[in-house]
Amino acid sequence: MLEVKDITMRFGGLTAVGGASLKVDKGRIVGLIGPNGAGKTTLFAIIAGFLDPTAGRVIFEGSDITPLPAHERAKLGIARTFQIVQPFAGLDVRENIAVGAYLRHARAAEAHAKAEAVARRVGLGGDLDKQASSLTVAGRKRLELARALATEPKLLLLDEVLAGLNPSEIRDIVPVIRAIRDEGVTILMIEHVMQAVMNLCDEVYVLAQGKMIAQGTPREVCVDPHVVEAYLGKGAADRLRAEEASHA
Ligand SMILES: Nc1ncnc2c1ncn2[C@@H]1O[C@H](COP(=O)(O)OP(=O)(O)OP(=O)(O)O)[C@@H](O)[C@H]1O
């Protein structure tokens, strides 16, 4: 469904992403992990059309979409959530979600009906008339998910939807994400909460300092020495192995 080919993004002298590639097959949940500043959000912005890459191509359903602006990509079926949730503060939950629904439903009544259906899907069915600004952090994360879903995407890009949630809130939202996939939406997610990555993702890519350093099942990447070193520093994999040997 999605192929990111050799993407490089330079900001002045800084190379935020340096020749990174990934593939997302239809119907899967693919994780994108990596230490802070690895370039994950930059790569998302390039996939969704918010940033023009310095080099490389983005292929969606077999077509090169690299020149297309974000709104054209949204029409094709790519939606993203933002790490920092910023609902329209003066609007209620229904209207906030309807903003996404207007992409495919020009009439207000239809957009509102779509918004209500999406709200129920993410567990906000009882909050439709509330002001978005009155929602808790967990509620805002669900709203962010709903706004993206209301555009009826084929590919959903989730940027740390679990960040800032407590363990019980995470447990509640994980099945919602799985259900979205089961209903036919392919998902690429940036996530730091490893327990959720292990539970949800069919496949994981690891980005570190702008380069893709590993790819595999969640279990495979967790024990990959390159990944351990990227998170814990040079020599960490050897130290861990030595410690394990001394305990054996
Ligand atoms: N618009 C910009 N101008 C200049 N530098 C930028 C810009 N956007 C990102 N960067 C830099 O690019 C690098 C990658 O940032 P990015 O936000 O993509 O990383 P990330 O992996 O998403 O990090 P985190 O997990 O902390 O969100 C960082 O060094 C960041 O400071």
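This report walks through the fold of the chain, its strands and the surroundings of its ligand.

**The chain as a whole**

Please keep in mind that this is a predicted model. The chain holds 10 helices and 10 strands. Its radius of gyration is 19 Å, close to the 18 Å that the globule rule gives for 248 residues, so the chain is as compact as a globular protein of that length. Along the principal axes, the C-alpha atoms fill a box of roughly 65 × 40 × 30 Å. Of the 248 residues, 39% count as buried. Among contacts with a separation of 6 or more, 65% are between residues 24 or more positions apart.

Over residues 2-234 the chain is 38% helix and 25% strand, with 33 Å between the end C-alpha atoms.

**Strands and their partners**

Four strands form an open sheet in the order 2-1-4-5, and their pairing is antiparallel. Strand 2 and strand 5 (63-64) stand at the edges with a single partner strand each, so one side of each has no neighbour in the sheet.

| Strand pair | Bridges | Opposite residues |
|---|---|---|
| Strand 4 (residues 55-60) and strand 5 | two | Ile-59 and Asp-64 |
| Strand 9 (residues 203-208) and strand 10 (residues 211-216) | five | Tyr-205 and Gln-215 |

Strand 9 and strand 10 make a hairpin with two residues between the strands. In this hairpin, Gln-209 takes a positive phi near 50°.

**Around the ligand**

Which residues surround the ligand? They are Phe-11, Leu-14, Ala-16, Gly-34, Asn-36, Gly-37, Ala-38, Gly-39, Lys-40, Thr-41 and Thr-42. The elements that give two or more residues to this shell are strand 2 (14-24) and helix 1 (40-48). Helix 1 provides the largest share, with three residues.

What is the make-up of the shell by class? There are four nonpolar, six polar and one charged residues around the ligand.

Methods. Residues are numbered from 1 along each chain as its sequence is written. This is a predicted model: local features need pLDDT of at least 70, side-chain atom pairs count only at pLDDT 80 or more; totals for chains, interfaces and linings use all residues. A residue is near a molecule or strand if its C-beta atom, placed from the backbone, lies within 6 Å of it. Ala, Val, Leu, Ile, Met, Phe, Trp, Tyr, Cys and Pro count as nonpolar, Asp, Glu, Lys and Arg as charged, and the others, Gly among them, as polar. The radius of gyration is taken over C-alpha atoms; the globule rule is 2.2 Å times the number of residues to the power 0.38. A residue is buried if 20 or more other C-beta atoms lie within 10 Å of its own, exposed if 12 or fewer, and partly exposed in between; C-beta atoms are placed from the backbone. Two residues are in contact if their C-beta atoms, placed from the backbone, lie within 7 Å. Two strands pair if DSSP finds at least two bridges between them.
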